[in-house]
Amino acid sequence: MKPLIRLFFRSLRIALGPVMLLWERLSRPQAVQRTPAQQALIAQDCRSLALYQFKTCPFCLKVRQEMHRLALPIEKRDAQHDAHHKAELVQGSGRDQVPCLQVTDANGQVQWMQDSAVIIGYLNQRFGVSA
């Protein structure tokens, strides 16, 4: 019975994956507008960040939508199909749960955030545009 359930969910992911990616593209929020100098500073800050993700994970999709809204050029690392990135994720965070944001500070200390709500809150706090 267990292999049958796995086959069902794998088939469901295969069928819904393209629909989810299309939905992400169509529902993409308007990106914030910054001056070129401000955006250059943001891009510099984003070099210390990396998002470990699965392409069709709904929680990863939420984080990517927020990254687009805030115009953040954060490196995205595929932890589903890239064994090296998956190994980095498991070694660093202790789990293979995505989305996971790797934050490296100026001293080289690494922090791992593994909840989409926590990641979105962090990104808004650090890069959000005040009204």
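The buried residues of α5 are Ser116, Ile119, Ile120, Tyr122, Leu123 and Phe127, where buried means under 20% relative accessible area, exposed over 50% and partly exposed in between, with a 1.4 Å probe and protein chains only. Because they cover an arc of only 160° around the axis, they lie on the same side of α5; the arc is that of the directions from the helix axis to the C-beta atoms. The face turned away from this buried side carries the exposed residues Ala117 and Gln125.

The model is predicted: local features need pLDDT of at least 70 and side-chain atom pairs count only at pLDDT 80 or more, while totals for chains, interfaces and linings use all residues. Residues are numbered from 1 along each chain as its sequence is written, and side-chain values use heavy atoms, with hydrogens and water left out. Helices (H or I, at least four residues) and strands (E, at least two) are DSSP runs, numbered from the N terminus.

The 12 residues of α5 should span 16 Å at 1.5 Å a residue, and its end C-alpha atoms are 16 Å apart, which agrees. The expected span is 1.5 Å times one less than the number of residues. At the N-terminal end, Asp115 caps α5, with a side-chain oxygen 3.2 Å from the backbone nitrogen of Ala117.

What do the buried residues of α5 pack against? Their partners are α2, β1, α3, β3 and β4 (110-113), contact meaning heavy atoms within 4.5 Å.

The largest nonpolar core has 17 residues, and Leu49, Leu72, Ile74, Leu101 and Leu123 have the most contacts inside it. Such a core is a set of buried Ala, Val, Leu, Ile, Met, Phe, Trp, Tyr and Cys residues joined through side-chain atoms within 4.5 Å. At least two of its residues come from each of α2 (36-46), β1 (49-53), α3 (58-69), β3 (100-104) and α5 (116-127). With five residues, α5 gives the most to this core. Another core, of eight residues, lies apart from it and includes Ala50, Tyr52, Cys57 and Leu89.

Leu101 touches, among others, Leu49, Ile74, Trp112, Ile119 and Leu123, not counting residues up to four places away in sequence.

Most residues other than glycine have a negative phi, and most peptide bonds are trans. Two sites depart from this:

| Site | Backbone angle | Place |

Ala71 counts as buried because its relative accessibility is 19%.

How values were computed:
Polar contact = N/O pair within 3.5 Å; in protein donor to acceptor, adjacent residues only side chain to side chain.
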